[in-house]
Amino acid sequence: MEGGYVNEEDSDAIMGVESPAIISYTNPKLQIPLMASAIYAPTTTSTAVTPTSATAATSKNASACASACASASLSSPPGASSAAIAGGGGGGPLQGFVTKLRNFRFDNTKNIRKRFHFDYISKDRFLGGQLKTKNGQKYVFNGHPSGVYVSKACLIIAAFITVVALISTIGITYFVTRQGLTPKEVTPSCITSDHSDVNATPIQTAGWVSMNSPPPPPLTTPTPSPTPTSTTPTTTTTLSPSTTRATPRPELKMVDPKVGDIPEVPPSVDVEDNSTKPTNRPLKLYEGWRPLHYSLLIEPSVEASASNGSLTIEIERDVAKVTSWEPIVLDVHNISISNVRVIRAPLSKQANNGSEEQELEFDSDYGDDNATFVISLDKALAEETQLKLLLSLDFISQVTDTLQGVYKTSYINPDTRKEEWVISTQFSPIDARRAFPCFDRPDMKANFSVSIVRSNQYKMALSNMPKSHSSRYRRGYVRDDFMTTPKMPTYLVAFIVSNMVDSRYAALDSEMSPRVEIWTRPTFVDMTHYAYKMVRKFLPYYEDYFGVKNKLPKIDLVSVPDFGFGAMENWGLITFRDSALLVPEDQELASSSEHMQYVAQIIAHELAHQWFGNLVTPKWWDDLWLKEGFACYMSYKALEHSHPEFQIMDTLTTLEFKESMEHDADNTSHAISFDVRSTNDVRRIFDPISYSKGTILLRMLNSIVGDVAFRSATRDLLKKYAYENMDRDDLWAILTQHGHAEGTLPKDLNVKEIMDSWITQPGYPVVTVERRGMDLALRQERYLLPSKNPADLSSWFIPITFETEGLHKGDNIPSHWMRSQDEEDLIVTNVFASSNNSENVVYLNLNRQGYYRVNYDMTSWLALKRKFGSLPTITRAQLLDDALHLSQAEYLSYDIPLTFLMELYNAVSDELLWSAAKPGLNYLINNLKREPAYETFRAFMKFIVTPAFDHYGLNEPDNESHLQLKHRALVAYFACKFNYDRCTQVAQRKFRDWMKDPKKNPIKPNLKSVIYCTALAEGSSAEWYFAYKQYKKTTSASEKEEILTSLGCTTKPWLLSKYLNMTINPTSGILKQDGALAFRTVASNAIGHEIAFDFLQSNIKEIAEYYGDGFSTLSEMIKSLTIYMNKDYHKHQLLDLADTCRKLGLKAVESAIVLALEQVSNNIHWHSHSYHSLKSFLEGIVSEFEINIF
Ligand SMILES: [Zn+2]
C-alpha cells in the first residue's frame, strides 16, 4: 500500500495477520468511524495525492490561500484527501474533533473526554497480543562480529609499530643530542643528502630576491639568525651573529629524519605544549607596516612532520594609522626562523638587477610567548615615510596532525591497501602563522606567489591559483610554481599535496568559465557529479546576482580525508570534508535528500564566499558575521533559485532560528559583534550567533529595504570594496542610500540606527501583543532563560508587520517600528473593524522576517488556536515554536503550547509544523527523560504522532518529493523516539535484514538515521558490532556519519564506554574531524551521559592533546554534556571539571565551562518552576483521553 500508514509488509512483519483496517478511532457523537486508513492513507490508486497535493499543502502558496483552502476543507465530505487535512484544517470526519480541539483549553476544562467524545483504542487491543517477534535480542548474529576491531593481526601490527616507533624515538633522541652539540649549522639539504640525493640543491630563498635565480653568493652583509641551531644554507649564507642580540628563545634542534629530507622540529622547552594544548593568547594589532607581496617556497614533509621553506615579503611602511617608528612584527606559531635579510626595495621592478639592493641592519627576536617575530630597523630610517622593504628569511614550521595550519592526514588506497598521505592546509582563522611567518590578520591583504616542492611520489599539488610552471627541483623532487593571487588575506592561502585525482570536469566541460575541477580519492570520483551540477547552477546565479564576474581563473573543490570544518572557502581552492562534497549515486550508498540539500547548501555557501569574504573582506574578526551571514543567506537564495521545490526559505525560518535563538537566549550569549582580543575570542566567534543570527539579520534587512534595494546595495558594495576590506558601517551606508532611493526605508530612518541595537547587544526580544479595543498595544522585553528578567532593559529597533483576516499585506516591508529608545507601548490603531473582535485573529512578524518572538494576550492565543487551520503555514509553525519556547522561559503557561502540539495529530503532512516542533520537543524530551513524568509525556506524544506515522510508515514509495522524503524521516524520528512499537519493531526488522545480507542494505537513505539508531538502541552487541564493521567498510562519508551517530544510540554501557575510548585512538578509524560528533551522540544518550562525563573527566589531558585547539573539539564536548544535567550536584561536577582544566592550563575551555554552568542552572530552574505544572497538564490529558501509557 504505497504511501499508506503502514504497508502490508511491515504490518505482517510485526503483527502477523494484523490488518490496518482494524485501527479505528470512533467518535461516538458524530457516529462516524474514524478509520485511519480511510482518512490518512492514500490508496495505491491515489498516489497522485501524495507528491503533489501534500507538497502544495505545505508550500508558501498554500499559506497565501490558506483561508480559502480551510473554508473549503471544512465543508468537505467524509474521506477528504490527506492534502486537505494537512492543509489546514482538517475536514470530513475530523471536523468535529478539530473544531473542539481548537476550542480546547486545559485550564477551564474538567472533563476533557466527555467534551471530546474521543476514544482511543489501546495498542494492546489492536495488536491482539501478537507481538511475537518483539525485539532483536533473540537474533543470532551470523558472522564474525567483533573480530575485525581487535583482531590478532591488528594487535601484532600495533605491537610492531610500537616497537619501531620506540626504536626511532631512541634514535632521534640520540641524534638530537648529537646535533645539539655540533656547532656547525646544518641545512635541510645536507640532511637530505645523507639519504637520497647527494646532488640535492639546497632550498632557495623564495621570492623576488632569488626565487628564479641561482643561489646568491655568500653575503657580506651581516645576517642575523634568530636561532643559533637553526638551518642555514651553508652554501649561500654565512652566519654573522655579531649584529644580533643574544636572544633567549626556544632552541630548535635539527634532527636527521629516518625518511625524507625535512628535519623534524622537536618541541623545545618553551614551545612544547603549544602545538596541541588549547591556549589563549592576546591578539595584538601591530601597525606601522603592511605586506604587499609574499613569495613563498615551501616543502612540507609528512615523514618529518615539518615544512622547510623560504619566504620573501615585500613590505611598505604604513603611516596611515601610526606615524611613530615601529618594528616589523610577524605572527608565528612554532616556527623556527633563520637567515633573515632586510633589503631596501628598488624603486621599481625594472630595477631589479641587484644593483640597487641595499642590505639594512636590524635586530630581530621572538616576541612574547614566541607568538611573534620582531624585526627592529635602524631608527635613522624613521624619517622615510615611503619606505619599501624586502624581508627574506628561511623557516621551519610544523606539519601538524591536528587539522590546523599545514597538516597531514591519510587514507588507505583500496587497490594497493597501502596508506596514502595527503598534505592539506587550514589557515582560517589564525593558523597561517603555523605555516609561515606572516601578517596574519584579515586586513593585511597582499598578493601571494606560492611555490611548492614535493616528492615525486605525490602526483599533484594545488594552490589558490593555476600552476604556472613545474620543474625538477632535485632528484626525486618537483617544484610547482603557481600564478600570483589577487590581493587577499593570509587565512585564504591554501595548498594540497597528494595523490588525489581530478574528475575531468574541466577537460569535458570547456564552456565552463572559470575552470572548475573536483578532486578526490580515485575511488570517490563517481561521487562528485552532484557537486559539479550544483557548482554549474550556483556560479552563474551569483555572477548575475552580484553583477560581478568570478575573479579567479579556476576553482578547485577538494574533499580532504580529515577536515575540521564542514568546508573552507580558500580562494580558488575550496576544501571540504568528504561528507560535505560527495554524494554517492550508487543505490546502496545513496544519500538522504537531507544530505543532498546539505551538500548543495555548503557548496553554495563556499561559492558565495568567493565574493563575500574573499573579494571583499571584513576588516577584523568582530565582523565575521558579515561574511558568514552573507554566505549563509546567499546560499539560501541560490538554493531557492535553483531548487524551488526544496522550499528552502521555510527551512531557514525553523533551522536558522533554532540555531540562533538557542544560543542567544542565555545571559552568557554574546553580541554578534564583540571585541575580539584573543585567540580564544577568534575561535569562539565561529558559532551559531555569527552564522545563523548573521543570516537572520541580513534577511531581516532584506525585508526592511526590499529585494531591489538589497540587491543593488550588494552589487555596489562588491564593486566599491573589491580586493579591499570593509566593515558593517560601510554596508549600512550603502543600504540606507538604496533603501531611501527605492522608497522602502522611511527618510527619517537609517540602517545604522536600526541595526546597531541588533549588532551591539546580545539576545533578542519578545514582542507582547495586547488588544485594546480596535487597537493593538505592543511592547518589548528581552527573551531570557531561565526566566524573564525585568531588570534587563535591553531594547531593539523592531520592524513590525502584521495581518488579520481582513488585512493581507502582500509584502514583508514593515508598517510600524518599535524604536529602541521608546519607553511607551507602541499603539497600532484600527487593526480591527470593531471592539468586539475576540473571534478575529491577528498575527505578527509575517513570514518570520524579524528576529523576535511574539507573545499574545489570551484572547489572541485562543483566537489563533480556533482558526489554526486557516493560518499561513509559516505562521502556524511560528506559533508552535514561539509557544513552546515562551513556556520554557515562563512567559506562558504550558497549556497553550500543548494544545498547539496537538495540532500535529491532525496536520499529518504539514512538514514545516513538524520541523518547528522539533527544537521545543527535544528540549522537553531531554529534561523529562530521566524524570517520572516522561512516562506520561511519552504516552501523550506517541498518541500525537501515531496518525502521521501510520500514514507514512517506514517504507518509501518511489518518486516522492524532496520534502516528503524529509518529512517521513522526521515523523519516523518522533515515532521511534517515543517508542511507538510499529516504528521500533519495523526498524529492528529492517536492520536485521541488512545484517543477514550485509552486501545489500535494504534501508532507504532517508530512513537510515532513525532505523540505525533505533536498531542499536533496542538491539544487542551484535547490532553494534555489525554497525561498526559497516562503518569501517563503507566508502560513503555520509553513511559513515549516519553510523557514527547511531553507535552512540546503544543502551549498553560498556559499548558506550568503548566507543568513547575509540575517539582518542587513531587506529579505530574514527577521524579527528568526527570526535566531537561521536562524543555528543553518547552524551545525548540518557544512559551514556554519565559515561561521557566520566570519560571526559578521566581523559581530559589526553583529549586536549589529541585534538589540539583548532576546532574547539574539547569545548564542544563540554557543551554537549549539559543535556541531562538539571540537579545541583551536576553543577559541582562541572566545577570539579573546571578545576581540573585550570590545573592543566586548559584556558581555552573556560568559556565552554561557563556556558555549561549557565545551561545547567537554566535546567535546574526549569525543573523547579515548570516541571510540575507541565506534569499536571500532561496527566490531565492522558487521563481524560485514556491514553495508554505503556
Ligand atoms: Zn563560511
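1. Basis. Local features are taken from the predicted model only at pLDDT of at least 70 and side-chain atom pairs only at pLDDT 80 or more, while totals for chains, interfaces and linings use all residues. Residues are numbered from 1 along each chain as its sequence is written, and side-chain values use heavy atoms, with hydrogens and water left out.

2. Overall make-up. The protein has 38 helices and 32 strands; these are DSSP runs numbered from the N terminus, helices being H or I of at least four residues and strands E of at least two. Of its 1190 residues, 64% count as buried, where buried means under 20% relative accessible area with a 1.4 Å probe and protein chains only. Among contacts with a separation of 6 or more, 73% come from residues 24 or more positions apart; a contact means heavy atoms within 4.5 Å.

3. The five-stranded sheet. This open sheet has mixed pairing and the order β18-β19-β20-β22-β21; two strands pair if DSSP finds at least two bridges between them. Its edge strands, pairing on one side only, are β18 (501-502) and β21 (567-568). β21 runs antiparallel to β22 (residues 573-577) and is joined to it by two bridges. Alanine 567 has phenylalanine 576 in β22 as its bridge partner.

4. Helices on the sheet. Helix α14 (residues 593-609) packs on the sheet and touches β20, β21 and β22, its direction making about 150° with that of β22. Helix α13 (residues 529-546) lies across β19 (515-520) and β20 (554-560), at about 155° to β19. Axes are lines fitted to C-alpha atoms, for helices over the stretch in contact, and angles between N-to-C directions run from 0 to 180 degrees.

5. The zinc site. The protein donors of the zinc ion are His605 (NE2), His609 (NE2) and Glu628 (OE), at 2.0 to 2.1 Å. Donors are N, O and S atoms within 2.8 Å of the metal (3.2 Å for Na, K and Ca), and sites may look incomplete, as water is not among the atoms. The spacing of the donor residues in sequence is H-x3-H-x18-E. Histidine 609 lies in α14 and glutamate 628 in α15 (residues 624-642), so this pair ties together parts 19 residues apart in sequence. Histidine 609 is buried at a relative accessible area of 0%, and glutamate 628 is buried at 2%.

6. α14 against α15. The two axes come within 8 Å and cross at roughly 125°. α14 and α15 are therefore oblique to each other. In the contact, the α14 residues include Gln597, Ala604, His605 and His609, and the α15 residues include Lys627, Glu628, Ala631 and Leu639.

7. Helix α31. Eight of the 11 residues of α31 (residues 1037-1047) are buried, so this helix is largely enclosed by the rest of the structure. Among the buried residues are Glu1039, Glu1042, Ile1043 and Leu1044. The buried residues of α31 pack against helices including α14, α28 (981-996) and α30 (1021-1033).

8. β8 (residues 362-366) is mostly covered, with four of its five residues buried. β8 pairs with β9 (residues 372-377) in the antiparallel sense over five bridges, and phenylalanine 362 has leucine 377 as its bridge partner in β9. Five residues separate the two strands of the hairpin, and aspartate 369 in the turn has a positive phi of about 60°.

Conventions: Buried < 20%, exposed > 50% of the residue type's maximum accessible area, 1.4 Å probe, protein only. Parallel < 35°, antiparallel > 145°, perpendicular 65-115°, else oblique.
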